[in-house]
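User: I would like to go through this structure with you. Could we begin with what a term means before turning to the helices?
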Amino acid sequence: MQRRRSLSSVRSPISWLSCLSAGAHVAFAQGPQTTPSILAPESTPAHEIYGLSLFVLLITGTIFVVVAGLLTYAIIKFRARGTDDQHEPAQVYGSVQVELAWTVIPVLIVVVLFLTTARIIFAIQDAPKPKSALDVTVVGHQFWWEFRYPKYGIVTANELHVPVSTAAQSEPVYLRLLSADVDHSFWVPQLGGKTDLIPNHPNEMWIDPRHTGLYLGQCAQFCGIEHAMMLLRVYVDTPDQFAAWVKNQQQPGVQDEKVAAGRHIFETQACMNCHTVTGTVAKGTFGPDLTHLMSRATIASGAATNTPDNLRAWIKDPATFKPGSLMPAMQLSDEQINQLVAYLSTLH
Amino acid sequence: MSTLPTFADETVRMPSRGTVAMVCLIVAESAIFTIFVVAYVYYIGRSTYGPTPQILNVPIFNTICLLSSSLTIVAAEHAIKHGHMRRFAALWALTMALGIEFLVGTGIEWRKMIFEDHLTIRTNLFGTTFYSLVGLHASHVIVGLLMLSLVMIFTLLGYVEQSHAERIQVLALYWHFVDAVWVVVFTVVYIVGR
Amino acid sequence: MADQSLPISGPLTEAYPTRGTFLEWLHSWVVTVDHKKLGILYIVYAVFFLLVAGAEAMAMRIQLAVPNNHFLSPELFNEFFTMHGTTMVFLVGMTIIFGIGNYLVPLMIGARDMAFPRLNAFSFWLSAFGGLLLYFSFVGGFGLYGMGSAPDVTWWAYAPLTAKAFTPGHNTDYWALSLIVMGFGTLGAAINTLATAFSMRCRGMTLLRMPLFVWLMIVTSALTLITITPLTAAQVMLIIDRYLGGHFFDAQAGGAPIVWMHFFWVFGHPEVYVLILPAFGIASEVIPVFSRKAIFGYPAMVAASVGIAFVSTTVWAHHMFTVGMTSVGNTFFVLSTMMVGIPTGIKIFNWIATMWGGKIRFATPMLFCTAFLFQFLCAGLTGIMLSIAPWDWQLHNSYFVIAHFHYTLTGSFLFCMFAAFYYWYPKVTGRMLSEKLGKWHFWLFFLGFHLTFDTMHFVGILGMPRSIYTYEADRGWNTLNFWISMGGFVQAIAILIFAWNMIDSYRRGKEAGNDPWDAWTLEWSTPSPPPAYNFAEDPVVRSRRPLWDIKHPNDPDWKYER
């Protein structure tokens, strides 16, 4: 019994230590990873938070060791033993000095923690915005992300492309966060803390990713039935890759006569009410802009990979991947869907 | 439990349970009103369309009536404490009349706002916050009047005696609270918010 | 006791009248205004819904044990986590604290009943029916995809998701209405507790001689008055928006969803202190008795409790660090949240100091209280971590937060409730709970609790957000989720053992007598169970531990207490 009790108090420090060492190992891993861990920061805000968290962990860990140690000691030393006499122990009602001591020390710890925290809050929230910053407007929808680049005149969805930011060439991305319906939250752990998207309450956050690659995240504020499937993909590109991507996104939708039948279906069925394809009559904004659908790796905000089969299944019935999605099943025949998919597959 | 030491010199003075309960109720109700007042204040000037607080007529007469009813109820408490039951009944009835006048006046004010100024609870933010806050207060006046009328009936039937003075005092506390809330609501809606 | 002469007419041979028929027995429970019976009703209600909400949790954990699972549909999962949270906070937490308070407060202060027995009954039935209304939602209406109309908007129901435009069904209405009804019941119980504690104490019992549990019930009840009411106000506003066309939270009319957040958390944060303060009171009764020492620093404990209540009303926006408050606003709430940790820490130190130098007996109540001390320490420290706003920008709405508040609610609150059960069950029923089953319950629950909630901290750190019915298989969360779910099963088994213990010991438990634990407060001076009138003679006290004074006439407390 005694051994088990001390095990419980030892287990927690060990789990903290292993967490720390795992975190340190992961932190030295350069670049994005499929596990969106807050211990693998790849952007200045995330780094600042990570550093602060290690400091706080050190302090709270010490407090834990001291207090849990005292408690463990008390449990072992002062337990009743069969050999005890039957007298009650000495009754101690209190001590003003002791009370003062263990009030003053926590106050001092709080002061230290508070000042450290305040510094980081101001460093992140009130960081001056450099001229080289790229502005992206993020609009949260049920259950997808809209991204607008005012400088380039681009509108896209679900997969955010940003240029890499290095110490030499700093180009942070300032995200302006809006919502078209309910509350959402933009969270890509490796790139920074989350910030909420609240209707009628524009928010701002910034990231400056240091390594190229794909970073994963998802909506972090419950927004309805398919909140779990409102995933985020952030592609951090080299300057060349980014320029090429921008150039492609700026082109109007591809007009290929071979798939005219599919385009005709797109424009006459209700698709155009919700979706936009530049260069056609489709100018709907309720759903994602599909002009460059084929430039994206996933559909339905990450719910499925972007393959013709998945597209077919999605259009036939969105509930296949996302039951509760606001896109209705359009009751199209299989032939219509095939033509539609053929058309969409040309939208690079 | 047979041999606990008894110390005849020790007495602990304790408040009456009715007073404690009423004070607690008042604290709780104050919290509700605070939330509605905060919402009202936060939304001042934020209606994007529709009638503004300029349409409000300051209800001076109503306010005088309601606040005077606090004075009459104090006088009534005094009367019953000293056993003047007829004076108590008269002052109590006067308190009720002043309360009823306040409600009638509020009704007239709302009638004007709804039918002439076309302001309802669904019109805009001002409508929503105004009718909610003033309506919440008016509902408390109604509840207070219901309690007062119960006492009135019992008094007229002869069941209320001088020994009930403390219970009357507890009820009067509620009425004073309703008046105090009106002071706040009046200031926020008709002075600060306009 | 029962045979002493008293100014009560009639014989006093029986504590309760003979049982009569089943219907008569049932009727006596339905119409009762006796604080002890109402306390038991509250507690039985709470334990029932503990099992229901626990089942909801188990269903969710089965769904999340593997990625892309199809055990629960998204709609049902969303209903379950909303109902699990709402049930645990309101139908289990609030009812059990006022149930235990109802039972014990009059006994501990030497009174015969609560100040307002009929208000007491009214409050219970309001709460009970409010809760039933909440659960009626599952069957009351077809709902989305035929899943019934149970609330599915999370237990904090942010606007504008709750607007008619986004939640056209009745889910949100059930949530708002049932909680408004329950809120009135809670208010009644709080008012009653305050009136009782201030106005009905026996002779000699000054405020500073009351048991700490009574103090904590006073502070809890006072805090409740200004905690539950903001929720009621906000829910009335929500209903005005949904049914009268109001615009309180309507962004298009200039309203602000953020106002809902502020109002909700002005309720929501002090609410968790309303829940934990009675648990502190229980610990403050159990730990001294089983350490064989008076509580260390009684005045400091009172001051710390009052301090916690006051400071807890200033911290609410630490739930809103990510909504875009200014840096100054965020900084203020960081400071206030850290401040509330100070009196809380002081209490932990006082409990340890009570054990220090004692002769600790590790009966089941003390096992639960000892685990509570470790777990509450951890909970407080993860709370400090969450109070660090930048770190919270990562941890908010992740499984780290869920782990933190389950450490406070399950690991601290529930563990203290279990301690209370094992400690006072003998008083309520006259029989001891089985120590053997108690230890099985404790160790299994302890194991399962740590397996689930220790692991949960890590899956949150690895980026898993909350309120999701499934997760991607390639994010590295699979194994951790599996073990979290396994821990849930272990806890479920422990709870079943506990339920069996309560039922079986009622008939076959060892007879308890008045004072099986050799304790010191007034409730232990009555028979077990106490008669309807509690005390044959009005007690008179001279110190904080009247029974200690009787048992130690050469060394009574009143010689040493200030």
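Analyst: A crossing is called left-handed if the near helix is turned anticlockwise from the far one by less than a right angle, and right-handed if clockwise. Please note that this is a predicted model.

User: Then is the crossing of H8(C) and H9(C) left-handed or right-handed?
Analyst: The crossing of these two helices, H8(C) and H9(C), is left-handed.

User: At what angle do they pack, and how far apart are their axes?
Analyst: Helix H8 of chain C, residues 298-312, packs against helix H9 of chain C, residues 327-355, at about 160 degrees, and their axes are 9 Å apart. Angles over 145 degrees count as roughly antiparallel, and H8(C) and H9(C) are therefore roughly antiparallel to each other.

User: Which residues meet there?
Analyst: On the H8(C) side they include Ala300(C), Ala304(C), Gly307(C) and Ile308(C), which meet a set in H9(C) that includes Met339(C), Val340(C), Pro343(C) and Lys347(C). By class, this contact has nine nonpolar, five polar and one charged residues.

User: Changing topic: how many residues of chain C are in contact with chain B?
Analyst: There are 41 residues of chain C in contact with 33 residues of chain B. On the chain C side, the largest share comes from H6(C), with nine residues. The residues of that side divide into 26 nonpolar, 11 polar and four charged.

User: And which domains are assigned in chain A?
Analyst: The assignment gives domain 1 (2-77 + 94-125), domain 2 (134-241) and domain 3 (257-344). The contact between domain 1 and domain 2 of chain A takes 15 residues from domain 1 and 17 residues from domain 2.

Key: Residues numbered from 1 in each chain as written. Chains lettered and ligands numbered in written order. Predicted model: local features only at pLDDT ≥ 70, side-chain atom pairs only at ≥ 80, totals over all residues. Axes fitted to C-alpha atoms, helices over the stretch in contact; angles between N-to-C directions. Helix = DSSP H or I, 4+ residues; strand = E, 2+ residues; numbered from the N terminus. Parallel < 35°, antiparallel > 145°, perpendicular 65-115°, else oblique. Contact = placed C-beta atoms within 7 Å. Nonpolar A, V, L, I, M, F, W, Y, C, P; charged D, E, K, R; others polar. Domains from an automatic or database assignment.
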